[in-house]
Amino acid sequence: MTGEPSVPSSSDVDGGEGGPAGAEERPEPSAVLGRLPTDAGLRRQLAAAARSRGRTASVAAEIDEVEAELAAIEVEPVDLTEPRRRVAEATGEIERLKERVAALRGDVRGRRAVDAEADETLDDLEAAAAELSAAQTEAIAAEQALERARAEAARNRDERRRRLRLRDRLRNRRRDARRELAASVYSEFRRALAVVPAGDPSAAGSEPDAYDGDPLAASLAAVRVAALDAPVELRGDAARAVEAAERSARSLLRTADVRVEAPSRPGF
């Protein structure tokens, strides 16, 4: 039996763009020990047992601080497509109007050179020049909007990187907390192994990673060490092991509410 779960639970998987949930949230002790057998590793079970008895790790304040920082980070997606489209359209419109203004100016000069009437062309030139000025104003506004969007996207990238760093830090501190809490009850766990079915104190070693005994016995010993308010449900091998013991389930596990699932009948 290893110190961490062999099969990841929902609390072990990174939540992607979510908050602290991506960094192995601290489940309630009953969520870890309230249903046996469990997929949780021994260190996680013992940490849950320690928390059920009101113990806290020395890094608890730091964990709370990092969780608060993570919860405060809000990263809204920034779409640069629309600002870029506006700049491209404004730039294209400016080029079109510049060409029109140049053409009209040439027409005016040509008409004046031959003393032809140029009033209507001058009106067209004035209107085109006004459109060009408006397009240039729009282009400036579009470029400013694009710069603001780029700056926001850069800030978001920085925030995402900060969030990843905080998640790594939180994951490490929670691992430290589990290690510390598990160690705080390990001597009691070793003694509990002498009581539970298939338990062997000599298999405990000096720490959870050194444990090489029966996984189910370890879970039963962890429950015996804990102080759980919620019911403990025993299924399958756990139910059979406790039912076969000489002591009652409540006495064996030192838990007031133990629910033993009836074993299934062969052939059903």
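A nonpolar core is a set of buried Ala, Val, Leu, Ile, Met, Phe, Trp, Tyr and Cys residues joined through side-chain atoms within 4.5 Å, where buried means under 20% relative accessible area, exposed means over 50%, and partly exposed lies in between (1.4 Å probe, protein chains only). The model is predicted, so local features need pLDDT of at least 70 and side-chain atom pairs count only at pLDDT 80 or more, while totals for chains, interfaces and linings use all residues. Residues are numbered from 1 along each chain as its sequence is written, and side-chain values use heavy atoms, with hydrogens and water left out.

**Confidence**

The chain has a mean pLDDT (the predictor's confidence in each residue, from 0 to 100) of 87, and 88% of its residues reach 70 or more. Over residues 1-23, however, the pLDDT is below 50, although this stretch has 56 contacts in the model beyond near neighbours in sequence; a contact means heavy atoms within 4.5 Å. Where pLDDT is low, the predicted coordinates should not be read in detail.

**Cores**

The largest nonpolar core has 51 residues, and those with the most contacts inside it are L33, L46, F189, Y211, L220 and L234. Helix 7 gives the most to this core, with 8 residues; helices (H or I, at least four residues) and strands (E, at least two) are DSSP runs, numbered from the N terminus. Leaving aside neighbours within four places in sequence, L220 is in contact with L36, V196, P197, L234, V242 and L253. A second, separate core of 11 residues includes A90, I94, L104 and A128.

**Charged pairs**

Side chains of opposite charge can pair when their charged atoms come close. The structure holds 21 salt bridges, a salt bridge being a side-chain nitrogen of Lys or Arg within 4 Å of a carboxyl oxygen of Asp or Glu. Three of them are set out here.

| Pair | N to O distance | Location |
|---|---|---|
| E62 and R173 | 3.7 Å | helix 3 (residues 60-72) and helix 5 (residues 119-184) |
| R174 and E67 | 2.1 Å | helix 5 and helix 3 |
| D158 and R161 | 2.5 Å | both in helix 5 |

E62 and R173 are 111 residues apart in the chain, and R174 and E67 are 107 residues apart, whereas D158 and R161 are separated by 3 residues, about one turn of the helix. R174 counts as buried because its relative accessibility is 3%, and E67 is buried too, at 18%.

A polar atom of the R224 side chain does, however, lie 2.8 Å from the backbone oxygen of L252.

**Backbone angles**

Most residues other than glycine have a negative phi, and most peptide bonds are trans. A198, in the loop between helix 6 (186-193) and helix 7, has a positive phi of about 65°, and R254, in the loop between helix 9 (249-253) and strand 3 (258-260), has a phi near 55°. A198 counts as exposed because its relative accessibility is 58%, and R254 is exposed as well, at 54%. The peptide bond from L36 to P37 is cis, with omega near 0°, and P37 lies in the loop between strand 1 (35-36) and helix 2 (42-52).

Key:
Polar contact = N/O pair within 3.5 Å; in protein donor to acceptor, adjacent residues only side chain to side chain.
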